[in-house]
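Here are my notes on the model, as numbered points. Please read them with the coordinates open.

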Amino acid sequence: MYKNVIFDLDGTLLNTIDDLADAGNWVCRNHGWPTHTVEEFKYFVGNGMAKLASRFAPEDWRAPEKVQAILNEFMPYYDAHKEDKTAPYPGIRELLERLNKAGMTLAVLSNKAHSLVPGIIEGYFPGLFAYTQGAMDGAPTKPDPTLLRRLMGEMGAAPADTLFVGDSNVDIRTAKNGGLTSCGVLWGFRTRQELEAEGADHLAQTPAELGELILNI
C-alpha cells in the first residue's frame, strides 16, 4: 500500500475550467481578440499560467514580455473570480477523507501559481492536505521533476511508496520523470486516449475507484 499520494489540482481535485476560461476570455474581449470555448481551454491549461496566457492570446502576443503583460491583467481578475464556478469533483472530498483516515500523507503539486495554491486547497479541503506546491519563479513547471523532488523531500517520501495522480499527459510525464507510479483520472480535462498514449500505469474512472486502487495495491 502507498504511504503518500500526490495529486494534480486543476482537472483532478477541482473542476476549475469555467473560471479559467472566463478569466482568459475577459482578457481577450478587453483586447478585441477572438474568445475561445471551454473545450479549447481544456487544452490550453496544464503547463502553467504563462503557457495558458500564450495559448489564448494571438500569435503576435506570445513574446515573453507580452505574455507577462497578459498575466498582469489575467491574474488579478482570475484571483478575484477563481471560486465563481469552481467546485470539487463529485466524490473527491469523500476520497480524501478516506485516504486520510487510512493514514496516507496527501499533497498537491500544481502548475498553478504557488501564491494561489495553499489558499485554494485549504478553502476547499481544510485539513486534508499536509503539503502543497505550486509553480514558482525560477523553477521549471511540470513535467520537469524539480518541484516534485522538492515536494517529496519536504514530505520525506520515496518514489517506491508514492503515487502521482493527475488528469493529463503532463501529469503522467511528471510521474515518470520523478520515478513514481502514475494514475490517470478520467473525470478531468483530458481523454483516456491521451493518458493511455502517455503510458499511465493505472486509470481510474471515479474517485471511489481511485480509492480502491490506492488502498488495495
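How many residues apart are Glu39 and Lys42 in helix 2? The first point takes this up. Bear in mind throughout that the model is predicted.

1. Glu39 and Lys42. They are three residues apart in helix 2 (residues 38–44), so about one helical turn separates them. The two form a salt bridge, with the closest N and O atoms 3.0 Å apart. Glu39 is partly exposed, at 48% relative accessibility. Lys42 is buried, with a relative accessible area of 17%; the cut-off for buried is under 20%.

2. Glu196 and Arg192. This salt bridge has its closest N and O atoms 3.6 Å apart. Glu196 and Arg192 lie four residues apart in helix 9 (residues 192–198), which means that about one helical turn separates them. Glu196 has a relative accessible area of 47% and is partly exposed. Arg192 counts as partly exposed too, at 37% relative accessibility.

3. Lys142 and Asp171. Their salt bridge brings the closest N and O atoms to 2.9 Å. The pair links distant parts of the chain, 29 residues apart. Lys142 sits in the loop between strand 5 and helix 7, while Asp171 belongs to helix 8 (residues 169–178). Buried or exposed? Both Lys142 and Asp171 are buried. The pair is also part of a network of salt bridges that links Asp8, Lys142 and Asp171. The count of salt bridges comes to eleven.

4. Six strands form an open sheet with parallel pairing, in the order 5-4-1-6-7-8. Strand 5 (131–135) and strand 8 (202–204) stand at the edges. Each has a single partner strand, so one side of each is left without a neighbour in the sheet. On average, neighbouring strands are turned by 25 degrees against each other, direction ignored.

5. Strands 1 and 4. Strand 1 (residues 4–7) pairs with strand 4 (residues 105–113) in the parallel sense, over four bridges. Within this pairing, Val5 stands opposite Leu106 in strand 4. Which helix packs on the sheet here, touching strand 1 and strand 4? Helix 7 (residues 146–155) does, and it also touches strand 5 and strand 6 (162–166). The direction of helix 7 makes about 160 degrees with that of strand 5.

6. Nonpolar cores. The largest nonpolar core has 55 residues. Those with the most contacts inside it are Phe7, Leu13, Phe56, Phe74, Phe125, Phe129 and Leu210. Take Leu210 and leave aside its neighbours within four places in sequence: it is in contact with Phe7, Leu95, Val165, Cys183, Val185, Trp187 and Ala204.

7. Helices 3 and 4. The axes of helix 3 (residues 49–56) and helix 4 (residues 64–81) come within 9 Å. They cross at roughly 105 degrees. That makes helix 3 roughly perpendicular to helix 4, because angles of 65 to 115 degrees count as such. Which residues meet where the two helices pack? From helix 3 come Met49, Ala50, Leu52, Ala53, Ser54 and Phe56. From helix 4 come Val67, Ile70, Leu71, Phe74, Met75 and Tyr78.

Key
Residues are numbered from 1 along each chain as its sequence is written. This is a predicted model: local features need pLDDT of at least 70, side-chain atom pairs count only at pLDDT 80 or more; totals for chains, interfaces and linings use all residues. Side-chain values use heavy atoms; hydrogens and water are left out. Two strands pair if DSSP finds at least two bridges between them. Axes are lines fitted to C-alpha atoms, for helices over the stretch in contact, and angles run from 0 to 180 degrees between N-to-C directions. Contact means heavy atoms within 4.5 Å. A nonpolar core is a set of buried Ala, Val, Leu, Ile, Met, Phe, Trp, Tyr and Cys residues joined through side-chain atoms within 4.5 Å. Buried means under 20% relative accessible area, exposed over 50%, partly exposed in between (1.4 Å probe, protein chains only). A salt bridge is a side-chain nitrogen of Lys or Arg within 4 Å of a carboxyl oxygen of Asp or Glu. Angles under 35 degrees count as roughly parallel, over 145 as roughly antiparallel, 65 to 115 as roughly perpendicular and the rest as oblique.
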